[in-house]
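Here is a friendly walk through a structural model, one region at a time. Keep the viewer open and follow along.

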Amino acid sequence: MGMADCKVGHVAGQVLATYALGSCIGLSVYDPKAAVGGLLHYMLPDSGIDPARSRQNPYMFADTGIPKLLEQVCVQGASRRRLVAHAAGGASIMDPKAIFDIGKRNYLALRKILWKAGILLAGEAVGGGHSRTVRLEIGSGRLWLQENGGQKELVPSFPQKGVNTWPTGS
Amino acid sequence: MTDTTIRPALSSAVADVLERMFFLEGLSEAPEPPPESETVSVYLTFDGNPPGCFQMRLAREAANAIAADFLGEDRESLTDQQSTDVTLELANMICGAVLSRIESNAAFRLGAPQIVADETGLHGPMEETRYTVETGSGTLTAAIQMETRTCSPTQTYAS
Amino acid sequence: MAYRVLITDDSPAMRSFIRRVIELSGFELSACFEAGDGAEALAVLENEWVDAILTDINMPGVDGEELLRRLAADELLCAIPAIVISTDATQNRIARLLELGARGYVTKPFLPETLRAELERTLGVPCD
């Protein structure tokens, strides 16, 4: 699954994956009871800058993509209350001296939209300067994170924090 | 207590509070607007070592946007009271965050924040430190004045 | 399992925020009491039992520190875990409050997940 895309799965064994999460955010949600999950890879925080584009592809933006992801997993039987959410990405890849830190803006847009949607993050691997890859396995709910040449399994059933090099990180 | 100590504490406190609880980031410093009716102004005093006073001025549109986001409400269903309550708490948090950075070994007590008529400038003989950022829906100014006991608002309190 | 909590803070906005975090953390609330200061909190506790108290420090009237002192001095109330949520991040204050019996401490501004972690540490992970 590439940039500005979203996939939902409800078949055990299915693996949803997204690569090269630089300043983009990969948001994974999984309902362990319904065994339904979804993965969204968005690039920009706010569709207001290009509403026409967001109608063509809502997954490009946090504010249009996240609600769509949630809608789609719920249509497949997930319950919003049971969703376990993880986020990866939001790095400062392209130009660390850029005035607009898109990675950080994407991360804050994520937090705002999830808060409004009533979902807290179970774990995150955000910030820094490196790219990441995320894989979500439907059925088991296992989540893998690849970064810095290493891969680790993030177990969604309890809260876990990944690398966060921003000064205001938790 | 010099401006060079206070200013970084002030700017860092503003950024930290706005990012961590209000989802606003990368805020660039902006020029402070003159007093106007579409600005909400909050004032509070604090005891500490040293004591002082704090003011926050916030564009009303920004106050409403911030309040809606904080409470997880839609802009349309947000009440004036809710907007005021969030604005007061925002001022309380920024002031507390500044003092925690400056007065790391002393105890401080914040007074209750209150809405006041909008004016730039705190009153009293000591220098004040002011910092303004653009939030995306309007500017926010935080100002602090320390080491004075004559610091008091002469503005009338708006209800 | 349903929980009964008491949220003490002079800001109604902050009380709302805290309540929301508790609910979104998976704790089903059978009762959520709110108090604007320590005196109101103690008045609630005269008639109601709660599983946890979340309290601010800087409040007009009876402040959070005084509330903790009075809770610790009461042979029944001292058993209720109290989590402090305050702007004061100074070491002196934190140490003093932990000595007074606070089980947890969250500094404002805080991420919802930080409060959730503190709630889970104090009350255990909520079961579905």
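Predicted model: local features only at pLDDT ≥ 70, side-chain atom pairs only at ≥ 80, totals over all residues.

## A sheet in chain A

T18(A) sits across from V134(A), a residue of β7(A).

## Chain C as a whole

Now let us move to chain C, which holds 5 helices and 5 strands.

How does the radius of gyration of chain C agree with that of a compact globule? For 128 residues, such a globule would have a radius near 14 Å, and chain C, with 13 Å, agrees with this. Along the principal axes, the C-alpha atoms of chain C fill a box of roughly 35 × 30 × 25 Å. Of the 128 residues in chain C, 47% are buried. Among contacts in this chain with a separation of 6 or more, 62% involve residues 24 or more positions apart.

## The parallel sheet of chain C

The strands of chain C form an open sheet of 5 strands in the order β2-β1-β3-β4-β5, with parallel pairing. Here the edge strands are β2 (28–35) and β5 (104–107) of chain C, each pairing on one side only. From one strand to the next, the twist averages 20°.

## Two helices side by side

Another pairing worth a look is that of α2(C) (residues 38–47) with α3(C) (residues 64–73), whose axes are 9 Å apart and meet at an angle of about 30°. Angles under 35 degrees count as roughly parallel, and therefore α2(C) is roughly parallel to α3(C).

From α2(C), the contact takes in G38(C), A41(C) and L42(C), while α3(C) supplies G64(C), E66(C), L67(C) and R70(C). By type, the residues of this contact are 3 nonpolar, 2 polar and 2 charged.

## Where the chains meet

Which elements of chain C give two or more residues to the side that touches chain B? The contact as a whole takes 20 residues from chain C and 25 residues from chain B. On the chain C side, the elements are α1 (12–24) and α4 (91–99), and α1(C) provides the largest share, 6 residues. That side of chain C divides into 9 nonpolar, 6 polar and 5 charged residues.

Chain C also meets chain A, with 6 residues of chain A in contact with 8 residues of chain C. The side of chain A that touches chain C has 4 nonpolar residues, 2 polar and no charged.

How values were computed: Residues numbered from 1 in each chain as written. Chains lettered and ligands numbered in written order. Contact = placed C-beta atoms within 7 Å. Helix = DSSP H or I, 4+ residues; strand = E, 2+ residues; numbered from the N terminus. Nonpolar A, V, L, I, M, F, W, Y, C, P; charged D, E, K, R; others polar. Pairing = 2+ DSSP bridges. Rg over C-alpha atoms; globule rule 2.2 N^0.38 Å. Buried ≥ 20, exposed ≤ 12 C-beta atoms within 10 Å, placed from the backbone. Axes fitted to C-alpha atoms, helices over the stretch in contact; angles between N-to-C directions. Parallel < 35°, antiparallel > 145°, perpendicular 65-115°, else oblique.
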